[in-house]
Amino acid sequence: MTDLDPLLDEQRRFPPPPEFARDARIGSMDEYRRLYRESIADPEGFWGRLAEAEIDWIEPWDRVLTWDPPHARWFEGGMLNVSANCLDRHLETRGHKVAIHWVGEPPGEQRTLTYRELHAAVERFAAALESLGLLAGDRVAIYMPMVPETAIAMLACARLGLVHSVIFGGFSAEAIKDRVNDAGAKAVLTADGGWRRGKIVPLKDNVDEAVAECPTVEHVVVLRRTGVEVAWNDERDVWWSDLVRDAPRGAPPAAVDAEHPLFILYTSGTTGKPKGILHTSGGYLLGATLTMKSVFDLKEDDVFWCTADVGWVTGHSYVVYGPLAAGATAIMYEGAPDHPEPDRLWEIVADLEVTIFYTAPTAIRAFMKWGEEWPAKHDLSSLRLLGTVGEPINPAAWMWYHRVIGKERCPIVDTWWQTETGSIMITPLPGAVPTKPGSATVPFFGVDADVVDDAGESVGPGSGGYLVIKRPWPSMLRTLWGDDERYRSQYWSRYEERGWYFTGDGAQIDEDGYVWIVGRVDDVINVAGHRLGTAEIESALVSHEAVVEAAVVARPDEIKGQAIVAFVTVGGGVESDETLRSELREHVVRRIGALARPAEVRFAQALPKTRSGKIMRRLLKDIAAGKEEIGDTTTLEDYSVLATLRQEA
Ligand code: WT7
């Protein structure tokens with residue numbers, strides 16, 4: 001398993017600073033261990049106690065967990081409303097506290113919403129959605145920029161028991177169409193456009209193009225954001241402001257079952273079709289709330305900034321649901337980190353006195369490239385805790401973050417989790433767990449993680465293997481929307497008789513029990529913290545008339561972590577030139593979105609295959625990475641293919 005063995009020569013240790021540990025919610029390794037042991041020895045007692053303490057229930061539950069592998073039901077019989085947990089319950093104690101500080105991309109644009117104001121806006125927009133005839137359980141797609149209305153839309157759905165499916169604003173019309181149709185959404189919420197580096201992203205145009213082929217969509221609600229003119233369909237389209245104005249005031253929160261679906265979020269898998277990850281209400285909310293408070297050591301006066309877009313799960317759990325359920329003040333920023341200048345984020349940190357900052361390793365590597373002079377322009381002394389998520393962080397980026405942003409004062413939490421897990425799973429608790437640059441450290445409460453081999457044996461310290469989770473947890477996905485078979489085979493078939501969840505990640509555990517994530521072991525790649533399936537990009541490529549066959553692999557990239565390299569064979573008589581190369585790259589952008597644009601397209605006479613016709617991606621990976629030594633070629637059918645591939649490259 002040489003591919004899975006990380007180089008564990010990292011010896012540096014960073015214990016929690018004593019001042020930080022003194023005031024922390026969990027302030028010592030002993031306390032972490034005591035709680036962790038309890039969560040594993042008596043999970044029902046542990047989760048029952050926390051669900052009681054952290055969530056407002058309309059009806060108490062009867063049972064903490066029913067585990068019918070691979071299906072879990074948490075807090076059965078319990079009734080709650082997620083939006084009431086994020087808003088209504090804070091009104092008395094935190095009504096005038098800022099819930100969301102929003103910063104627009106055009107400099108100077110800012111809005112502040114208190115809990116009271118956010119509550120009123122959600123109540124009104126929920127009534128507006130209700131006036132469209134939407135009913136609990138109906139699906140609503142949200143394709144919007146990073147503006148407060150996007151959080152309002154999500155919470156309004158939750159208020160009525162509507163199931164939202166947020167689609168990242170960087171996806172193309174084609175990608176929207178697939179997701180809307182798979183979910184069978186009745187309504188799409190969008191905006192006339194969104195700002196990105198001073199340009200307008202044509203969100204409404206993309207929706208128009210998509211929805212032309214979405215028979216289930218009855219309504220498109222359009223927020224005015226940029227003021228550009230958009231095409232209009234009188235039967236289907238309605239302005240957000242008109243809908244709200246005409247709606248009766250106030251929709252009360254609906255009582256929904258703990259297992260009522262809260263949202264679907266599409267993510268890439270190993271086939272061409274994205275997977276609709278389904279999360280439900282009670283367990284998801286508990287996971288998001290508890291990790292928000294303990295991993296980020298949240299205090300009443302913290303100002304919390306997670307830089308993720310709400311189009312990803314990180315935005316769901318740590319821009320919207322986690323911070324609001326915990327009664328925190330959260331920052332939401334609309335634009336790019338380098339617009340108008342590469343110090344935009346640091347300017348916001350200083351201006352709004354951010355105390356906790358949570359971002360991705362790819363962003364940190366970009367900050368490093370832009371230079372220390374940009375953060376140096378601003379007073380970052382309000383910061384007390386830093387976090388990362390999305391991909392393994394290289395120790396050099398960790399150390400830069402620690403020194404330049406954290407001034408060697410702020411602990412760093414490297415948090416491992418997935419769209420599927422709903423909330424953080426492997427992470428330091430910043431007042432308790434000493435950190436090591438590059439390691440996500442130890443499992444969170446209730447997370448029974450291990451690294452095992454193909455047979456399911458623990459590999460033990462020093463060897464690589466597959467990361468598995470050996471028991472259910474409250475915020476786990478419940479199934480894949482409309483495809484329970486794929487849910488079983490994707491996550492549970494590998495260790496079926498044991499009932500373990502297969503994460504798709506390779507990892508190693510060291511002598512201290514610390515987890516080091518190596519990366520995906522399946523055909524999923526991670527470009528700038530965004531998950532993409534190689535099969536998805538390949539099917540986009542072969543949908544182009546010139547392409548006969550395509551194989552997509554990742555090669556290491558200094559900033560993005562991984563970059564996409566596409567090997568393509570073209571039909572006879574097709575000119576494989578620069579024009580076609582750029583046409584193919586743009587073709588992928590049209591089919592999926594700019595995030596999937598290949599860094600390189602390489603034309604090949606043939607692709608390396610096994611005797612049974614399987615493309616040997618491993619060899620292509622070595623070639624893409626420019627390696628001199630190519631891995632094992634004994635199963636290769638035609639050796640001459642390799643030689644020509646290298647020449648063509
Ligand atoms: C994959 C999940 C939920 C976070 C956003 C990405 C990788 C995530 C880490 C980390 C090393 C990480 C894994 C995982 N990943 N966090 N701290 N260290 N790798 O969510 O798109 O569902 O991707 O991101 O490979 O499986 P996602």
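Residues are numbered from 1 along each chain as its sequence is written, and side-chain values use heavy atoms, with hydrogens and water left out. Because the model is predicted, local features need pLDDT of at least 70 and side-chain atom pairs count only at pLDDT 80 or more, whereas totals for chains, interfaces and linings use all residues.

The protein is divided into domain 1 (18-81 + 264-515), domain 2 (83-254) and domain 3 (528-648), the bounds being taken from an automatic or database domain assignment. The centres of domain 1 and domain 2, taken over C-alpha atoms, are separated by 26 Å. Across the boundary between these two domains, 43 residues of domain 1 are in contact with 48 residues of domain 2, contact being defined as heavy atoms within 4.5 Å. The size of an interface is often given as the accessible area lost when the parts come together. For domain 1 and domain 2 this buried area (accessible area, 1.4 Å probe, that two parts lose on being put together, summed over both) is about 4300 Å², of which carbon and sulfur atoms give 54%. On the side of domain 1, Asn81, Met332 and Glu334 lose the most area to domain 2, and together they account for 22% of what that side buries.

The side chains of Glu300 and Lys97 meet in a salt bridge with an N to O distance of 2.6 Å. Between domain 1 and domain 2 there are also 35 residue pairs in polar contact, both residues being at pLDDT 80 or more; a polar contact is a pair of N or O atoms within 3.5 Å, where within protein one must be able to donate a hydrogen and the other to accept it, and residues adjacent in sequence count only if both atoms are side-chain atoms. The elements that give two or more residues to the side of domain 1 that touches domain 2 are strand E14 (261-267), helix H12 (313-325), strand E17 (329-333) and helix H13 (344-352), helices (H or I, at least four residues) and strands (E, at least two) being DSSP runs numbered from the N terminus. The largest share of this side, six residues, comes from H12.

In the whole structure, a search finds 51 salt bridges. Glu213 forms a salt bridge with Lys177, with the closest N and O atoms 3.6 Å apart. This pair links distant parts of the chain, 36 residues apart, with Glu213 in the loop between helix H9 (203-211) and strand E11 (219-223) and Lys177 in helix H8 (residues 173-183).

Around the ligand there are 17 residues, of which Asp414, Thr415, Thr419, Asp505 and Arg531 come nearest, a residue being near if one of its heavy atoms lies within 4 Å of the molecule. A polar side-chain atom of Thr419 lies 2.5 Å from an oxygen atom of the ligand, while for Gln418 the corresponding distance from a polar side-chain atom to a ligand oxygen atom is 2.9 Å. A polar side-chain atom of Arg520 lies 2.9 Å from an oxygen atom of the ligand.

Most residues other than glycine have a negative phi, and most peptide bonds are trans. The peptide bond from Pro69 to Pro70 is cis, with omega near 0°, and Pro70 is found in the loop between strand E1 (63-68) and strand E2 (71-76).

Definitions and conventions:
A salt bridge is a side-chain nitrogen of Lys or Arg within 4 Å of a carboxyl oxygen of Asp or Glu.
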